[in-house]
Amino acid sequence: MTSLVNELSLSATTDSIPPSEILAEIKHLKQYFPIRGGVLGRVIQHVKAVDDISFQIHAGETLSIVGESGCGKSTTGRSILRLDEPTSGEIYFRGKNILRMNKAELKRMRKDMQIVFQDPFASLNPRQTVRQILKEALEIQKVVPRHEQDQRVRELMDNVGLRPEQADRLPHEFSGGQRQRIGIARALALEPKLIICDEAVSALDVSIQAQIINLLRKLQKQHQLTYLFISHDLSVVRHISDRVIVMYLGKIVEIADKKSLFDRPQHPYTRALLSSIPSTKRNQPRERIPLTADVPSPIHPPSGCRFHTRCPYAVEHCSTEAPELRIVHEGHQAACHLIS
């Protein structure tokens, strides 16, 4: 952890791009996955992976989503791209509802919304060279004439810190960090407006994580990118984010700018998450907030506040009525009955 902090602090510190227009808006998004059973394979239950969430993504910002495994953060990212078709809700990108787009419209839109996956090996075709991987998107979207594609491949590889002469190698000939750079180059190929980074550094060594994070920050400035950064690592989120969304069991429990969230967390779950970050200061140990019980099942989530079964401050009201996100102070929202 210390290595990551030190390596990140060595990178050039730059001001974040100030949020301006709303690039994407998610309204009442639900993603329920059916569970089938019986001889006829009928739907008997649903996994409520994402359950009625709403938020906005501003152009030029890095908006992070954090939470424990199974909270719905990766499903949210995939649903925004329609890699998983949402159960219900609305997803607006640059003012257009992508859930109402036909195949031709969706294909045109996809060049503006790309994703970097968690596993840099599984996300690359093992039978294709880097050149073929990067050319594939260019050919499908026809954004670069065929005679200019090789030059575009060289530019992309140089942008992400790879040597152009490596373009004819296969993915298994690269290290994990280099493969993730290939994934980033592929996402950049179509000059997108929004890149969803789905646990993009969690499978990498700590020192390599720092390099990839610094690369993402540099590319954001160069190409005026917007990131939706999905992660469970709060140390990484603290360095790269402008705003942070905290999710628990398919629900958003807190939204705030980075400084406000880390300095003045409001929701008990957020405070518990932040208390789990290892302290790098010997004389200032962090007070841990232990959570009791296991994470409930998303098939049968608790009534009322979904966190009440593990919350050390829960009262009877928490188990009967679900709290709504409300403004605590400017730019900071939380969903908790106990916040005055």
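**View 1. Strands E7 and E8 pair in the parallel sense.** Five bridges link strand E7 (residues 194-198) to strand E8 (residues 226-230); strands are DSSP runs of at least two residues, helices of at least four, numbered from the N terminus, and two strands pair if DSSP finds at least two bridges between them. Tyr-227 in E8 is the bridge partner of Ile-195. The model is predicted, so local features need pLDDT of at least 70 and side-chain atom pairs count only at pLDDT 80 or more, whereas totals for chains, interfaces and linings use all residues. Residues are numbered from 1 along each chain as its sequence is written, and side-chain values use heavy atoms, without hydrogens and water.

**View 2. Eight strands form an open, mixed sheet.** Their order is E6-E7-E8-E3-E9-E10-E12-E11. Strand E6 (113-116) and E11 are the edge strands, each pairing on one side only.

**View 3. Strand E9 is largely enclosed by the rest of the structure, because six of its six residues (243-248) are buried.** Buried means under 20% relative accessible area, exposed over 50%, and partly exposed in between (1.4 Å probe, protein chains only). Arg-243, Ile-245 and Met-247 point one way from E9, while Val-244, Val-246 and Tyr-248 point the other way.

**View 4. E9 is joined to strand E3 (residues 62-66) by four bridges and to strand E10 (residues 251-257) by six.** E3 and E9 run parallel, and Val-66 stands opposite Val-246. E9 and E10 run antiparallel, with Val-246 opposite Glu-254 in E10. In the hairpin of E9 and E10, which has two residues between the strands, Leu-249 takes a positive phi near 50°.
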